[in-house]
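Subject: structure handover

Hi,

Here is the structure I promised to pass on. Have a look at it first, then read my notes below.

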Amino acid sequence: MGLTLNEEKTRIVDAYQGKFDFLGFSIRMGKGRKTGNYYPHVQPSKKSLQTIKDRVTHLTKRERTIMPFDWVVKEVNAAVRGWTGYFHYHNCSRALGQVKNHVEQRLITHLRKRHKVRDRKAGYVKFPNRALYAK
């Protein structure tokens, strides 16, 4: 078929010694705390995490405060749901927690800008996390 390997991207990695990124995942061999056995530790790569965070930031930027809040939430939910559907793996709760925290902070910031609450602390009091999930 005339295919060749890309010499810059192709490498051989011992997963017990290092990690490698493949299709948006960072893969390495982790050692279990209880049993001490090795297992494949698969989580979203740093680049993938930054991509979804940038997407959420774009969807909640200040220029979008004129849009109905339900639309903003719907678009953010769709983006995060799709990303999570692809990247959710059994041992990536820390990465998903980072995304969750970023989404909560961005939505609170968006609400602060929408309602002209200048003080960040007052914004967290006026718009707590439970209010985000209640709506």
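Thr 84 sits in helix H2, which covers residues 69-87; helices here are DSSP runs of H or I with at least four residues, strands are runs of E with at least two, and both are numbered from the N terminus. Thr 84 counts as partly exposed because its relative accessible area is 23%. For the cut-offs, buried is under 20% relative accessible area, exposed is over 50%, and partly exposed is in between, with a 1.4 Å probe and protein chains only. Between the C-alpha atoms of Thr 84 and Leu 96 there are 7.7 Å, with the two residues 12 apart along the chain.

Before you go further: this is a predicted model, where local features need pLDDT of at least 70 and side-chain atom pairs count only at pLDDT 80 or more, while totals for chains, interfaces and linings use all residues. Residues are numbered from 1 along each chain as its sequence is written, and side-chain values use heavy atoms, leaving out hydrogens and water.

Now the overall picture. The protein has five helices and three strands, and from the N terminus on the order is β-β-β-α-α-α-α-α. Its radius of gyration is 20 Å, whereas a compact globule of 135 residues would come out near 14 Å (taken over C-alpha atoms; the globule rule is 2.2 Å times the number of residues to the power 0.38). The C-alpha trace spans about 55 × 45 × 25 Å along the principal axes. Of the 135 residues, 34% count as buried. If you look at contacts (heavy atoms within 4.5 Å) between residues at least 6 apart in sequence, 46% of them join residues at least 24 apart.

How many salt bridges does the structure hold? There are two, a salt bridge being a side-chain nitrogen of Lys or Arg within 4 Å of a carboxyl oxygen of Asp or Glu.

- Glu 75 and Arg 64 pair up at 1.9 Å, N to O. Glu 75 is in helix H2 and Arg 64 in the loop between helix H1 (46-59) and H2, so this pair ties together parts that are 11 residues apart in sequence. Glu 75 is partly exposed at 33% relative accessibility, while Arg 64 is buried at 14%.
- Glu 104 and Lys 100 pair up with their closest N and O atoms 3.9 Å apart. Both lie in helix H3, four residues apart, or about one turn of the helix. An α-helix has 3.6 residues a turn, so residues three or four places apart point the same way. Glu 104 is buried at 9% relative accessibility, and Lys 100 is partly exposed at 45%.

Helix H3 itself runs over residues 93-114, 22 residues in total, and reaches 31 Å from first C-alpha to last, close to the expected 32 Å (1.5 Å times one less than the number of residues). Just after H3, Lys 116 has a positive phi of about 55 degrees.

One more residue to check is Arg 106, also in H3. Arg 106 is buried yet has no salt bridge, and the nearest side chain of opposite charge is Glu 63, 8.1 Å away (Lys and Arg count as positive, Asp and Glu as negative; His and the chain ends are not counted). What does the side chain of Arg 106 make a polar contact with? Its partner is the side chain of Thr 60, at 3.0 Å. A polar contact is a pair of N or O atoms within 3.5 Å; within protein, one must be able to donate a hydrogen and the other to accept it, and residues adjacent in sequence count only if both atoms are side-chain atoms. Leaving aside residues up to four places away in sequence, Arg 106 touches Val 56, Thr 57, Thr 60 and Lys 61.

Cheers
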